[in-house]
Amino acid sequence: MEENKTRKKTPKKREKRADKGPNQRLRQRTAVLIIIILVIGFGATLLRLSFLTLVQGSELQEKAVGQQLSDTVLTAKRGSIYDAKGTTLAESASVWQVVLAPINFEKDTQREAAARGLSEILGLDYENVYEKTQKKNYYTVVKRKIEVEQRDKVIELMEKLTKEYDCGNVIQLLDDYKRYYPKDTLAASIIGFTGADEQGLEGVEFKYDDYLSGTPGRIITAKNARGTNMPFQYEQNVESEDGKSIYLTIDETIQSICEKYTAQAVIDNNILNRAGCICMDVNTGAILAMVTSGGYNLNDPYTLSDEAQNAISQLPKDEQADAESQELAAMWRNKCVADTYMPGSVFKMCTASMALEEGKIKDNSSFTCGGYMRVEDYDIGCSVTSGHGTQTFLESFCHSCNPAFIQIGQLVGLEKFRDYYTAFGFSEKTGIDLPGEADDSFWPEGQMGMVDLAVASFGQNFSITPLSMITACAAVCNGGYVLQPYVVSKITDAQGNVVKTVERKVKRQVISNETSKKMCDMLAAYPEVNGASGGAVPGYKVGGKTGTSEKIGIKKNISSFGKDYIASFCGIAPTDNPQIALLVFLDTPSGGAYYGSQIAAPLFTEIMSEVLPYLEISTDYSEEDLAYLNIPAGDYTNISTSEAVDKADNDGFIAQIVGEGDTVVSQMPSVSSKMAKGGTIILYTDNTTPHEKVTVPDFKKASAYEVNGIAASNGLNVSFNGAVSSTGIAVAQSVKEGTEVAKGTVIAVTFKANAEGGSSD
């Protein structure tokens, strides 16, 4: 029975477990599932929160601030650019930007009136302006950089809207700035220009943009829940910081002189690939002037010359855009810094310096020229095909004899020649504070042979920048110191405080003071021997060297000679105490001559004839110079005729009395008029006698002596300009022939070296 009882109970227990089992497991599974869901859900949330906080936190904060705040940029005034004496060359003048607060409009009639008025005044599309009036904010720019005339009309519109439409708080005028260049084209390749947003794009404007641009300000305005700006009491203004000002080493007067004569030389000699000029302080490296002919107006830098525009218009339509870009880039290019050239015989001053410094040349050294010299398998000619014969070192330099300098280069040797080439700074950029400086092109180390050395000794078959050549010239004459050239002398803040100054930087001494002094004497001898064709300047101790190099390789705009030449002259003054160096070069002359002595030396003379008196360099006149010296007329009025005659005679003039009176009441030419010694002063003793009229003759192609005679026979006076000497010829006159003028009028006559005489190099 007990067994039966046991058997009866067992099914009951199993039944009970069967009833509880599935529910229990279900509950367990549900609990696990809920836990998993909670873990996954909270984990994902936690991960997402961590991601938003740690990874995207700063980005989201910026977006939140952007939604809550409106940030308006206030333009900073760009710093000015001045020349060495404080003349303004670039400045940012005040203009204005027109801003709408469209949220303040209450009626469509107000919007229409404002849009109509602004579109008419500012020359904008009405629909575009009207669309801006419908925005829901306090700040919408309508137009930037409006000038005074438009500003005044906008002010009138603002008054009209207030009176007639009761909406006077919808338009604002905010200060803005626009770049102006008061001198238009002056020093364009140095100064450069700015873009639409006042960022520097070329020249000093680009190189010193960080200093000039200043720091923009801010107007930070809170937004309300609707996303519109809060009223102005919720604004925070951060004032802009004006840019710093730049003072250049460029002297406006010297720059103007250099530009004037370089431009005329381009015309006179039909220069096809532009010309350049650099004037440098040899003792500091400061650039006093730098010219690239065919420049542009800084106030309108995107307008090409009529000639260039006509040429582009002839091209297929799909080529015109690229052609215009290339022409603009060429127009902006600073030829003195960004282009290279073969210096030609100007480089002989460096070769001579090497030989002297190495002791390869003695006082009694001589060289023989038979019209050419054979180096390996090549015959290298001299400009004088018959040869110079036996000549001294100084004579070889003054004759610019290529065979002699081949021998001098051989004395220096390949390794030393390369060492000096590097020491003079040709193998590296000068480091001038202008953009786009080019590298030189010289034989790689180990690849320069004896023929290469031969032609390199007179400046052929390698290329350097004009800037590096004048820097080397300065080293030749300043005691041997290679300087870093620069165009910015100092930088000042908005209050005028100097924040940075640029001082003389010496890179190395390449030759000794003794060698430098000998080279100054040699450079001085060159114009003494060659006269006007050697760059002589009446009354001044100048020295220098001509250069005529033939281009090798790719050539552009071949001249009428069938070859492509560069004519140049590099010189110094005064030779007994060098102060300045001047390099002029003319790329591809296609006129009547191409030698440096024929076209570059006269340009050097013309520029120096004005620059040296301006710099107050002391004079040293020879007897020939005195014969053609311009002197100012004195004041011979309000004294007796006898006193006036004596005074004029003492001044070097001949007096001619007109009238019956005893006292001089007027004179011709006027007081301080500069004219040649021996001229005639017409003295009038009454105010009723009419001035006699004479006809101006043609002085061109006459010598200085002949010009004096022609002027005297026609009752005129002359002033002499340019390369005045016994070999110079008149090429221009200030008053056109055939013009009637008062007797005694001074006619300025310009002379150039006779292209048929003088040195041929």
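**Helix packing and sheets in a predicted model**

Just after helix α15, G413 takes a positive phi of about 90 degrees. Helices here are DSSP runs of H or I with at least four residues, strands are runs of E with at least two, and both are numbered from the N terminus. The model is a predicted one, so local features need pLDDT of at least 70 and side-chain atom pairs count only at pLDDT 80 or more, while totals for chains, interfaces and linings use all residues. Residue numbers start from 1 along each chain as its sequence is written, and side-chain values use heavy atoms, with hydrogens and water left out.

Helix α15 itself (residues 402-412) is mostly covered, with nine of its 11 residues buried. Buried means under 20% relative accessible area, exposed means over 50%, and partly exposed is what lies in between (1.4 Å probe, protein chains only). The buried set in α15 is N402, P403, A404, F405, I406, Q407, I408, G409 and V412. Over the whole protein chain, 48% of the 761 residues count as buried. The chain's secondary structure comes to 23 helices and 31 strands. As for contacts (heavy atoms within 4.5 Å), residues 24 or more positions apart make up 73% of those in the protein chain with a separation of 6 or more.

A475 gives a local view of this kind of packing. It sits in helix α18 (residues 466-477) and is buried, with a relative accessible area of 0%. Leaving aside residues up to four places away in sequence, A475 touches F424, G480, Y481, V482, V510, I511 and S516. From A475 to I511 the gap is 36 residues in sequence and 8.0 Å in space, C-alpha to C-alpha.

Next come the sheets. Two strands pair if DSSP finds at least two bridges between them. Five strands make up an open sheet in the order β10-β9-β21-β20-β19, with antiparallel pairing. Its edge strands, β10 (287-292) and β19 (543-550), each pair on one side only. Direction ignored, neighbouring strands in this sheet are turned by 10 degrees against each other on average. For such angles, axes are lines fitted to C-alpha atoms (for helices, over the stretch in contact), and the values run from 0 to 180 degrees between N-to-C directions. Strands β19 and β20 (residues 565-573) run antiparallel and are joined by eight bridges, and T548 stands opposite A567 in β20. Helix α19 (residues 513-530) packs on this sheet, touching β19 and β20, and its direction makes about 75 degrees with that of β19.

Helix α19 also has a helical partner. Helix α13 (residues 348-357) packs with α19 at an angle of about 140 degrees, the axes being 10 Å apart. That angle makes α13 oblique to α19; the scheme takes angles under 35 degrees as roughly parallel, over 145 as roughly antiparallel, 65 to 115 as roughly perpendicular and the rest as oblique. M349, A352, S353, L356 and E357 of α13 make the contact with T515, K518, M519, M522 and L523 of α19. By class, that contact has six nonpolar, two polar and two charged residues. Here Ala, Val, Leu, Ile, Met, Phe, Trp, Tyr, Cys and Pro count as nonpolar, Asp, Glu, Lys and Arg as charged, and the others, Gly among them, as polar.

Another helix pair is α3 (residues 108-122) with α5 (residues 148-165), packed at about 165 degrees with axes 10 Å apart. Helices α3 and α5 are therefore roughly antiparallel to each other, and their crossing is right-handed. On the α3 side, T109, Q110, A113, A114, R116, G117, L118, I121 and L122 meet Q150, K153, V154, L157, L161 and Y165 in α5. Sorted by class, the α3 and α5 contact has nine nonpolar, four polar and two charged residues.

Finally, an open sheet of three strands has the order β23-β26-β24 and mixed pairing. At its edges stand β23 (654-658) and β24 (666-668), each with a single partner strand, so one side of each is left without a neighbour in the sheet. The twist from one strand to the next averages 25 degrees. Strands β23 and β26 (residues 680-684) run parallel and are joined by five bridges, with I681 in β26 as the bridge partner of A655. Helix α22 (residues 641-650) lies across β23 and β26, running at about 155 degrees to β23.

Methods:
A crossing is left-handed if the near helix is turned anticlockwise from the far one by less than a right angle, and right-handed if clockwise.
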